[in-house]
Amino acid sequence: MHPRRWSFTTQTLAVLVLLVAVVLVVAFGGSAWVLQRQVEQDAGRLALAIARSVAEDDVVRAGAQSASDAAPLPGPELVDGPVQVAAEDARVRTGALFVVVTDDRGLRIAHPVPDRLGEEVSSDPSVPLAGGEVVEEDAGTLGPAARAKVPVRAPGSDRVVGEVSVGVAVSEVDRLAREATLLAGGTAVLALLGGVAGAVLLTRRLRRLTHGVEPEELGGLLQGHEAVLHGIGDGVVAVGPDGRVVLANEEAARLLGRSVRPGDATADWPFALRALATEPDPVPRLTVLGDRALLCSSRRVERDGRGLGVVLTLRDRTDVELLTRQLDAVAEAGTVLRAQRHEFANRLHLVSGLLDSGAAEEAGEYVHTLLGTGPLGTAVEGLDAVADPYLQAFVAAKAAHAREGGVQLRLGGVSVRSRLADPVDVTTVLGNLVDNAVTALAGRADGVVELDLVADGRTLVVAVADNGPGVPAELGDRVFEPGVTTRASGEGGIGLGLVRQVARARGGEARLASPGGDGELGGAVVVVELPGVLEEGP
């Protein structure tokens with residue numbers, strides 16, 4: 001396969017291995033050259049040290065002086081001479097190729113080959129005979145060698161009476177160089193293996209960090225990620241395994257009413273959202289956060305068996321939820337109005353029949369009787385103090401609904417002589433308050449809910465009390481938080497949140513005036529202020 005078609009991680013591995021190999025080859029070549037030169041220099045220094053040692057030997061100095069002062073001796077007489085013995089002993093001990101001693105005429109008085117004793121040396125002896133030292137690589141009668149030449153001085157004086165020439169064989173130099181080179185080569189191979197292993201580990205870690213996605217694919221993933229994350233209408237928050245935000249879109253920040261940035265902790269989030277972040281639930285939950293009703297769900301994300309975290313989805317259901325509650329209130333009012341229409345139609349039929357039969361007096365008495373009773377004959381006592389017909393119908397509907405559950409809805413203090421300017425918000429608040437109270441009294445035969453309606457300018461103050469068990473002390477004002485409920489089933493926890501939301505949206509407030517145990521009824525008392533919901537008084 002052509003290298004251009006390799007994946008990025010494979011290309012990275014190949015480049016790293018090639019780079020390590022090139023560096024090691026260059027380093028090894030340089031090291032081998034340096035080692036070769038070092039070994040050659042070491043051989044020259046060794047030859048020089050041996051030559052100096054032999055030249056300082058008293059036997060050699062005395063023998064060289066005698067040979068220089070006397071007539072040249074023939075070779076056979078020098079074979080067993082003291083200088084030959086000393087030179088051979090030094091050569092054997094040091095492993096040198098040769099140790100040669102001459103007199104001041106350059107005639108050999110010691111040589112590894114006895115037949116060459118008494119002959120003139122093959123190389124120029126002028127420098128050592130002049131008192132200098134020479135270190136060189138040259139080829140003599142015994143072959144190429146690294147050689148050193150030093151002067152031999154007479155005992156007790158500085159007069160040069162000969163020279164000592166010591167050679168270390170080139171083959172020995174090459175052997176030492178090969179050993180050093182092999183050592184360097186072995187080190188280079190180990191370094192290469194280590195580099196390859198490191199490159200493999202690096203590419204594996206890169207694959208783990210990208211979860212198997214090649215870097216060339218990351219660009220497309222990033223574009224798709226940005227398009228999806230910021231193009232959808234829902235709020236999306238990704239939370240990592242450590243409980244910190246990984247990413248979030250602008251819609252999530254808007255719905256949460258706070259900035260949501262990567263790295264933020266979820267520990268200070270509202271309880272409902274913290275629960276979804278730690279215990280994912282794909283079933284949407286309706287919760288109230290601030291002035292918004294949110295439909296929240298979460299899912300755990302995994303890849304190749306590894307937990308990557310949790311993704312929360314937030315949908316704004318504020319308008320839908322408010323409209324649903326308002327529609328429920330309107331439907332209940334409509335039901336009451338239809339029932340009233342049907343009942344009044346029946347009564348008018350009776351009046352019409354009496355008049356047709358000529359019983360005008362009986363018809364008049366029947367009409368006067370009707371004027372003394374309320375709608376359906378079951379009017380809520382004190383409801384005539386409410387001037388707005390829409391509010392009257394709604395309270396009557398709620399009273400009928402409460403009776404179906406065995407609960408009596410009665411009016412306490414009522415003083416509302418103005419018409420409603422915003423009946424929808426009023427009925428939404430009343431409906432939720434009365435429904436919560438009736439639900440709290442479920443199963444009781446003597447359940448009573450008392451409703452107070454007081455006008456303060458254009459502000460309507462609503463108070464709902466019941467004779468139920470009240471709100472536990474540990475909950476207190478938290479009953480207005482989303483997901484908090486006093487029901488044994490644990491369901492609900494949204495109605496009071498909507499009540500507070502509507503009140504605060506109008507600049508008012510909803511509060512728990514009494515958790516229970518006080519007042520005539522002894523149950524919980526909730527008070528809500530709704531500014532601007534009444535028209536100007538007459």
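Which residues gather in a patch of positive charge on the surface? In this predicted model, with residues numbered from 1 along each chain as its sequence is written, local features need pLDDT of at least 70 and side-chain atom pairs count only at pLDDT 80 or more. Totals for chains, interfaces and linings use all residues, while side-chain values use heavy atoms, with hydrogens and water left out.

The positive patch is formed by Arg204, Arg205, Arg208 and Arg306. Patches are made of residues with over 30% relative accessible area and no salt bridge, with like charges joined within 9 Å and nonpolar side chains (Val, Leu, Ile, Met, Phe, Trp, Tyr) within 5 Å. Lys and Arg count as positive and Asp and Glu as negative, whereas His and the chain ends are not counted; the place of a charge is NZ of Lys, CZ of Arg, CG of Asp or CD of Glu. Accessible areas come from the Shrake-Rupley method with a 1.4 Å probe, and for residues only the protein chains shown count as cover. Helix α6 (residues 170-209) gives the patch its largest share, 3 residues. Helices (H or I, at least four residues) and strands (E, at least two) are DSSP runs, numbered from the N terminus. Arginine 205 is found in helix α6 and is partly exposed, because its relative accessibility is 46%; buried means under 20% relative accessible area, exposed over 50%, and partly exposed in between (1.4 Å probe, protein chains only).

Leucine 18 belongs to helix α1 (residues 8-55) and counts as exposed at 56% relative accessibility.

Valine 351, in helix α10 (residues 318-356), is buried because its relative accessible area is 14%. Valine 351 and glutamate 365 are 14 residues apart in sequence, and their C-alpha atoms are 10.0 Å apart in space.

Side chains of opposite charge can pair when their charged atoms come close. The structure holds 15 salt bridges, each being a side-chain nitrogen of Lys or Arg within 4 Å of a carboxyl oxygen of Asp or Glu. One of them joins arginine 506 and aspartate 425 at 2.9 Å, N to O. Arginine 506 lies in the loop between α14 and β14 and aspartate 425 in helix α13, so this pair ties together parts that are 81 residues apart in sequence. Arginine 506 is partly exposed at 25% relative accessible area, whereas aspartate 425 is buried at 14%. Elsewhere, salt bridges with shared partners join Asp103, Asp104 and Arg105 into one network, in which aspartate 104 and arginine 105 meet at 3.9 Å, N to O.

Within helix α4 (residues 82-94), aspartate 89 and arginine 93 sit 4 residues apart, about one turn of the helix. Their side chains meet in a salt bridge of 3.0 Å, N to O. Aspartate 89 is partly exposed, with a relative accessible area of 42%, and arginine 93 is exposed, at 59%.
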